[in-house]
Amino acid sequence: MHAHRRVARRLTGVLTLTLPALLAACAGDPPAATTSPPPSDPAPAAVDSARDELAALAAAAQDRQFTARYTLTGDGPDRTITVTSANDGTWRVDVPGGALGGTADVSFAGTADGLFQCGLPSAGRPEPASCVRLGDRDDAVPGRLDPRVQHPFTDWLKVLTDRRAPLAVSPARPPAGATGACYSVDSTSASLNAPLDAGIYCYAPDGTPTAVRTVTGTLVLAGPAAPAPATVQLAGPVTDGEPLGVAAPSGAEPTPGATETP
């Protein structure tokens with residue numbers, strides 16, 4: 001009888017010591033099924049903010065009417081580009097050395113009557129100014145005629161405002177001599193036909209483009225923008241002549257710094 005009592009007391013003691021330890025061990029191991037995966041990294045806020053800021057400035061640039069001069073620097077001598085964005089939505093960009101391998105000056109204009117290229121009197125084209133209609137106002141300038149200098153003031157603004165466009169945007173430092181808010185822009189599309197040239201685009205708070213740096217060169221606002229005219233005027237009469245190509249004529253040497261587009 002006494003032996004049975006001693007065995008019962010020993011079992012009770014063992015349970016008293018081990019049961020709390022077993023319960024604590026079970027409580028310290030949460031069910032594996034309830035473990036959550038680590039949260040994914042959030043999208044960089046600065047990149048999204050830069051895209052929004054650039055889109056807003058480009059939208060302001062679309063509504064900005066002004067006349068201004070820009071200095072274009074590149075491999076060759078500096079050139080002065082004149083940009084006019086008129087009150088009625090018409091525009092004109094004069095490009096010295098924009099044709100015939102840099103020896104001829106040209107002007108591009110978008111009016112209610114269409115898209116025009118005008119040849120200006122210059123070393124490679126001494127005759128009076130005349131213009132050729134290239135197509136409707138919203139048509140693209142053919143590559144063989146395109147110096148690409150006019151795009152930052154015309155159709156590329158629409159690309160910069162389009163949040164669906166395949167672009168990567170981040171803040172950037174202004175090019176030398178430039179002011180304003182600047183953004184580095186690159187295409188994220190694998191297509192050979194990028195919606196615009198990669199580079200740096202800068203704007204004043206009112207939407208005035210202050211600088212653009214691409215493979216074509218660096219454009220920097222040369223002085224305060226002046227008021228816009230009511231409408232732009234073509235540089236000369238419209239003719240049935242041939243437009244001037246970017247490339248130098250066969251056998252001629254191109255001027256250093258001239259843009260050639262295939």
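Biologist: How many cavities of 30 Å³ or more does the structure hold?

Modeller: This is a predicted model, in which local features need pLDDT of at least 70 and side-chain atom pairs count only at pLDDT 80 or more, whereas totals for chains, interfaces and linings use all residues. Residues are numbered from 1 along each chain as its sequence is written, and side-chain values use heavy atoms, with hydrogens and water left out. A cavity is a set of points, on a 1 Å grid over the protein atoms alone, where a 1.4 Å probe fits but cannot get out. Of cavities with 30 Å³ or more, the structure holds two.

Biologist: About how much space lies in the largest cavity?

Modeller: Grid points are joined across faces, edges and corners, and a volume is the space filled by probe spheres set on them. For the largest cavity, the space comes to about 60 Å³.

Biologist: Which strands each supply at least two residues of the lining of the largest cavity?

Modeller: Lining residues have an atom within 4 Å of a point, and here they include Trp 156, Val 212, Thr 214, Gly 217 and Leu 219. By class the lining has six nonpolar, three polar and one charged residues; Ala, Val, Leu, Ile, Met, Phe, Trp, Tyr, Cys and Pro count as nonpolar, Asp, Glu, Lys and Arg as charged, and the others, Gly among them, as polar. Strands (E, at least two residues) and helices (H or I, at least four) are DSSP runs numbered from the N terminus. At least two lining residues each come from β10 and β11 (217-221).

Biologist: Trp 156 lines that cavity. Is Trp 156 buried or exposed?

Modeller: Trp 156 belongs to helix α3, residues 155-161. Buried means under 20% relative accessible area, exposed over 50%, and partly exposed in between, with a 1.4 Å probe and protein chains only. Because its relative accessibility is 3%, Trp 156 counts as buried.

Biologist: The backbone oxygen of which residue does the side chain of Trp 156 reach?

Modeller: Contact means heavy atoms within 4.5 Å; beyond four places in sequence, the contacts of Trp 156 include Arg 148, Leu 196 and Tyr 201. A distance of 3.5 Å separates its side chain from the backbone oxygen of Pro 195.

Biologist: Tyr 201 is in contact with Trp 156. What is the relative accessible area of Tyr 201?

Modeller: Tyr 201 lies in strand β9, residues 199-203. Among the residues it touches beyond four places in sequence are Leu 160, Val 185, Ala 211 and Val 212, and a polar atom of its side chain lies 2.6 Å from the backbone oxygen of Asp 197. Tyr 201 is buried, because its relative accessible area is 0%.

Biologist: How many of the residues of β9 are buried?

Modeller: β9 is largely enclosed by the rest of the structure. The reason is that the buried residues of this strand number five of five.

Biologist: Which strand is joined to β9 by five bridges?

Modeller: Two strands pair if DSSP finds at least two bridges between them. On one pairing, β9 runs antiparallel to β10 (residues 209-214) over four bridges, where Cys 202 has Ala 211 as its partner. In the other, Ala 181 stands opposite Tyr 203. The strand with five bridges to β9, also antiparallel, is β8 (residues 181-187).

Biologist: Which residue in the turn between β9 and β10 has a positive phi?

Modeller: The two strands form a hairpin with five residues between them. A positive phi of about 95° is found in the turn at Gly 207.

Biologist: Which residues form the covered face of β1?

Modeller: In a regular strand the side chains alternate between the two faces of the sheet. Strand β1 (residues 66-73) has an uncovered face of Thr 67, Arg 69, Thr 71 and Thr 73. Its covered face consists of Phe 66, Ala 68, Tyr 70 and Leu 72.

Biologist: In β11, which residue is the bridge partner of Thr 71?

Modeller: Seven bridges link β1 to β2 (residues 79-85) in an antiparallel arrangement, with Tyr 70 opposite Ile 81. β1 also pairs with β11, in the antiparallel sense, over four bridges. There, the partner of Thr 71 is Val 220.

Definitions and conventions. A polar contact is a pair of N or O atoms within 3.5 Å; within protein, one must be able to donate a hydrogen and the other to accept it, and residues adjacent in sequence count only if both atoms are side-chain atoms. On a 1 Å grid over the protein atoms alone, a cavity is a set of points where a 1.4 Å probe fits but cannot get out, and a pocket is an open set with protein on both sides within 12 Å along at least five of seven lines; lining residues have an atom within 4 Å of a point.
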